[in-house]
Amino acid sequence: MKPRLALLLIPAGFVIWASAFTLLYAALSLGCAFGWQNDAIGGVPPLRLTLLAIWLVHLAALAGLLIYCVRLRSAANARTSRFLRRAAIGSAAAAIAATVWTGVVILVATPCL
């Protein structure tokens, strides 16, 4: 693994988390403003479906990033490469935990007050 790639992979998970947070916040604001919580598609408000879709897409992207980081091979004798790979794996795992924590409220709370 090239060090430059690892340097890009380390913050990648939190870039995806930031994207999820921003899009969830924007969709919630728009949905509440336009009354998406008042209708239902199959018994579920379109606002909740939209938020779940945004959340699940970002979780899938983070899972893909984590799998990619785990499968990366580091050079046999390069301590720096192994450290950067482990840092990228840890960062991706932390970003998954942050995204789960941010989005789990979609499942239990009323979107608009």
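Here is a quick tour of the aromatic rings and the cysteines in this structure. The model is predicted, so local features need pLDDT of at least 70 and side-chain atom pairs count only at pLDDT 80 or more, while totals for chains, interfaces and linings use all residues. Residues are numbered from 1 along each chain as its sequence is written, and side-chain values use heavy atoms, leaving out hydrogens and water.

**Aromatic rings**
- Searching the whole structure turns up 2 aromatic pairs, where a pair means rings of Phe, Tyr or Trp (its six-membered ring) with centres within 6.5 Å.
- One of them is Phe14 with Trp17, an edge-to-face pair at 6.4 Å centre to centre and 70° between the planes; planes under 30 degrees apart count as stacked, over 60 as edge-to-face and the rest as tilted.
- Both residues sit in helix α1 (residues 3-34), 3 residues apart, or about one turn of the helix; helices here are DSSP runs (H or I, at least four residues), numbered from the N terminus.
- Phe14, Trp17 and Phe21 make up one aromatic cluster.
- Phe14 is partly exposed at 34% relative accessible area, and Trp17 is partly exposed too, at 26% (buried is under 20%, exposed over 50%, partly exposed in between, with a 1.4 Å probe and protein chains only).

**Cysteines**
- There is 1 disulfide, counted as a pair of cysteine sulfur atoms within 2.5 Å.
- That link joins Cys32 to Cys112, S to S 1.9 Å.
- Cys32 lies in helix α1 and Cys112 in the segment after α4 (105-108), so the pair ties together parts 80 residues apart in sequence.
- Cys32 is partly exposed at 28% relative accessibility, whereas Cys112 is buried at 14%.
- Cys69 is buried, at 1% relative accessibility.

Note on methods. Helix = DSSP H or I, 4+ residues; strand = E, 2+ residues; numbered from the N terminus.
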